[in-house]
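Here's a quick tour of a protein model, written for someone just getting started. Have a look at the structure first, then read on.

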Amino acid sequence: MGVVAELILVRHGQSLANVAFPAANAAGLMEAEVSGRDASVPLTPLGEEQAAAVGRWLAALPPSAVPEVVITSPYLRARETWRIAAAASGLRFPPPTTDDRLVDRLMGDLELMTSAAVRARFPDEAARRAAAGEYRYAPPGGEAFADVEARLASFLADLNQQQAGKKVVVVAHDAVVLMMRAVIESLTWDEVVEMERAAGHVRNASISRFVDRDGQLTLDHYNSIDHL
């Protein structure tokens, strides 16, 4: 089976939740300044600027390296990141598609809850999380990282089959970038943890790139923000 010629993974630009939740958690607040559903969280003005910077990075690519296929998470912050990036690039791209397997890690009943709210409303979760371990722990109604890995493995298998030999850009979330690397490189969870410790968390609007080398996707660079 063939593979895509190139896979570029872009995390969305800074979102309102990326700002509001660290602030609320640091202050021990029960609520953050975010309402609605996680799928509808917008970009901040900085996130929009970061998305435009991704577009300028795309514009600087040689014509032979411009992506031929665009797939995003259906979440607003990912779709807006691509919309802004594509416009800023000045390039012509095929219409983007979305794939539900590229959504952020589903947090179920804990969606958009601060740490203080989780402790107050779900007092048993800390013990459940410790007992299961980070890889296997799934919030009530949500997903474990193991589940994210499984859906991304399915996505990648379909992508390689349907888009073999093409240059693909995917715009999604930190959990997607992290676990896609685990899928491509067959990393254990301990190796994922060590890799994240060495490379840092997946940054907003970062770019990670894999290329086909002898039928195997191989990492070219990871979590790069040189364009920002």
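Let's begin with Leu112, which counts as partly exposed because its relative accessibility is 22%; buried means under 20% relative accessible area, exposed over 50%, and partly exposed in between (1.4 Å probe, protein chains only). Keep in mind that this is a predicted model, where local features need pLDDT of at least 70, side-chain atom pairs count only at pLDDT 80 or more, and totals for chains, interfaces and linings use all residues. Residues are numbered from 1 along each chain as its sequence is written, and side-chain values use heavy atoms, with hydrogens and water left out.

**Two loop residues with positive phi**

- Leu112 sits in the loop between S3 and H4; helices (H or I, at least four residues) and strands (E, at least two) are DSSP runs, numbered from the N terminus.
- The phi of Leu112 is near 55°, a positive value in a residue other than glycine.
- Ser186, in the loop between H7 and H8, also has a phi near 55°.
- With a relative accessible area of 64%, Ser186 is exposed.

**The sheet**

- Six strands make an open sheet with mixed pairing, in the order S3-S2-S4-S1-S5-S6; two strands pair if DSSP finds at least two bridges between them.
- S3 and S6 are the edge strands, each pairing on one side only.
- S1 and S4 run parallel over six bridges, and Ile8 stands opposite Val169 in S4.
- S1 pairs with S5 in the antiparallel sense over five bridges, with Val211 in S5 as the bridge partner of Glu6.
- S5 and S6 are antiparallel too, joined by six bridges, and Asp212 stands opposite Leu217 in S6.
- S5 and S6 form a hairpin with two residues between them, and Asp214 in the turn has a positive phi of about 55°.
- Strand S5 (residues 207-213) is largely enclosed by the rest of the structure, because five of its seven residues are buried.

**The nonpolar cores**

- In soluble globular proteins, nonpolar side chains tend to be buried together.
- A nonpolar core is a set of buried Ala, Val, Leu, Ile, Met, Phe, Trp, Tyr and Cys residues joined through side-chain atoms within 4.5 Å.
- The largest nonpolar core has 36 residues, of which Leu7, Val170 and Met179 touch the most other members.
- H7 gives the most to this core, with nine residues.
- A second, separate core of 17 residues includes Ile8, Val66, Val169 and Ile207.
- Not counting residues up to four places away in sequence, Met179 touches Tyr135, Phe145, Val148, Glu149, Leu152 and Trp189; contact means heavy atoms within 4.5 Å.

**The largest pocket**

- The largest pocket holds about 1,200 Å³ of space.
- On a 1 Å grid over the protein atoms alone, a pocket is an open set of points where a 1.4 Å probe fits, with protein on both sides within 12 Å along at least five of seven lines; lining residues have an atom within 4 Å of a point.
- The lining has 37 residues, and the closest to the pocket's centre are Asp104, Arg105, Met107, Met113 and Asp174.
- H1 gives the most to this lining, with five residues.
- Asp104 is in the loop between strand S3 (97-98) and H4, and counts as buried because its relative accessibility is 13%.
- Leaving aside neighbours within four places in sequence, Asp104 is in contact with residues including Asp38, Arg77, Arg151 and Asp174.

Definitions and conventions
Points joined across faces, edges and corners; volume = space filled by probe spheres on them.
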